[in-house]
Amino acid sequence: MLQNVGMGLALALSPMNILIAGAGVFLGIIFGALPGFTATMALAVLIPFTFGMDPTQALTLLIAVYVGCMYGDAIPAILLHTPGTPGAAATAIDGFEMTKKGRAHEALIEAIISSFWGAMFGVAILFLLAPPLARFSVMFGPMETFMLAVFGLTVIASLGSKNMIKALISGVLGLLIGTVGMDRLVGFERYTFGVVYFQTGLQLVPVLIGLFSISQIFVMVSSTKRTIVDASLINNIKGGGFGLKDFVRYPRTYLRSSVIGTIIGIIPGPGGNIASFIGYNEARRASRNQDEFGKGSREGVAGSETANSAITGGALVPMLSLGIPSNSVTAVLLGGLMIHGLIPGHELFTLRGNIIYGIFFGIIIANFFKLFIGLTCAKYFAIVAKVPTNILSVVIIMMCVLGAFAIANSMIDIFVMLSFGVIGYLMRRYGFDVPPMVLGLILGPIGEASLMRGVQIYRGLEPALLMIFQKPICLVLMGLAVISLTTPMWRARQERKKAAAQQNQ
């Protein structure tokens, strides 16, 4: 093994491999920053260009693009309230609030530092514990995945920044929207109204772009402000550096969210869409400044971005060890792996160990490139907040239309995007939170599909639900779900008691 590690390090440190890692990260950041252009699309486009490359160089390029995308999606989320991917939706909650307060540069710095720590933790776990963690992922059957989705849904109670009832209503609406399409058990059409497009359900990316981006454009257009932030704060956006303390500002949050992101990344299915929200919620629960979350909390950005980036290492564990892709990105990476004659499994770590460890070190190099680009360019990214809203609105609309259309080359996706833009604007106007709807829309189909598989395996709904009480992982997730659901209620009760005590004084 040590020989393979040494040979892999020598491969990774070759000038060409270093250049490829840097170029991959740069391309990934660009793709991640464009709404609708996901890491999956970026990898699918680049795979044909790797045919003539050495396997180590080819996989380093593809994974470096993946690494870059996991940070790039935070840039529009923070500056424009436009998540580049679903995983950045949680980052937009506090990131955009920081931008409105003239702290865009600070938010971008925290995003890159958090992304770096999360990704490095994921790589460390991938490097040291790939085989045992891969075996752990096999333990997640349909009922475990169902309970994970249920646990994720309980986060909705904490996402209601002003009104928990409205947050729950928003989450239920997301769950209902997620039922559009074909029933996963009997194949019966639901809420399609005879439209063929709806048979496969609503595409997540156009809905996401509409709820966050188009609704934000409506807000910008209806506002009298010429720029996103107040004129008195614009000059402060470019200023502000970073010091050593910024790298260790929230060590507990970095570690906690890294563990969450890595574990969820290992589990096939959920991916960063769940990890970022759970990382954000746990950061909020453990924070001493819980009241700042949703109003521009830097720790909120750290919690979501760390978890969002930690899934890169976790998602590669089952893909490289067992050939099981955890999400669509690793499915494309698996194809790239096999195109170059690399078969996942034990032989990949023994007979081709020099290549696989070369890829591991390539990921580490890519993360340092990401850190360098993020820290040096953050102040230039932040200048976007100084662009007049009338110009910015036109540019964002063009990007959104292009991103929505690129998903499936369908004009209907554009109309879906615009429709949900109106819905998102009305929700904001009447005090309903958008993130709970997005979380319900993401987790609803995952939970339903897992439950239906359990019904088929255990021959009935009742036996499937009873299996939850017989599986240790399900019981742990059930306990976490109860804690996640009751904690906001207990906190609200304590705040009411505190307010009442202050009034009596």
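**A loop and its neighbours**

Let me begin with T192, which lies in the loop between strand 2, residues 189-190, and helix 11, residues 204-222. Please keep in mind throughout that what you see is a predicted model. Is T192 buried or exposed? T192 has a relative accessible area of 4%, which is under the 20% limit, and therefore it is buried. If we set aside the neighbours within four places in sequence, T192 is in contact with G181, F198 and Q199.

Now look at Y191, which is in the loop between strand 2 and helix 11, and at F193, which is found in that loop between strand 2 and helix 11 as well. Y191 is exposed, with a relative accessibility of 52%, and F193 is exposed too, at 72%.

Let us turn to the aromatic rings, where the count comes to 10 aromatic pairs. One of these is formed by Y250 and Y254, whose centres are 6.5 Å apart and whose planes stand at 75 degrees, an edge-to-face arrangement. Y250 is buried, at 19% relative accessible area, and Y254 is buried as well, with a relative accessibility of 5%. A further pair is made by Y280 and F293: the ring centres lie 5.6 Å apart and the planes are at 65 degrees, which is over the 60 degrees required, so this pair is edge-to-face. Elsewhere, ring pairs join F127, Y357, F360 and F361 into a cluster, and the charged end of K166 sits over the ring of F432, 5.2 Å from the ring centre.

My next stop is helix 21, which runs over residues 411-429, has 19 residues, and reaches 28 Å from its first C-alpha to its last, close to the expected 27 Å. At the start of helix 21, a side-chain oxygen of S410 comes to within 3.2 Å of the backbone nitrogen of I412. Which residues of helix 21 are buried? They are D413, I414, V416, M417, F420, G421, G424 and M427. After helix 21 comes G431, which has a positive phi, near 85 degrees.

Finally, please find E144, which is in helix 8, residues 142-153. E144 has a relative accessibility of 5%, so it counts as buried. Which residues does E144 contact, leaving aside its neighbours within four places in sequence? The contacts of E144 are with M139, K471, I473, C474 and L477.

Notes:
Residues numbered from 1 in each chain as written. Predicted model: local features only at pLDDT ≥ 70, side-chain atom pairs only at ≥ 80, totals over all residues. Heavy atoms only, no water. Helix = DSSP H or I, 4+ residues; strand = E, 2+ residues; numbered from the N terminus. Buried < 20%, exposed > 50% of the residue type's maximum accessible area, 1.4 Å probe, protein only. Contact = heavy atoms within 4.5 Å. Phe/Tyr/Trp six-rings, centres within 6.5 Å; stacked < 30°, edge-to-face > 60°. Lys NZ or Arg CZ within 6 Å of the ring centre and 35° of its normal. Expected span 1.5 Å × (residues − 1). Polar contact = N/O pair within 3.5 Å; in protein donor to acceptor, adjacent residues only side chain to side chain.
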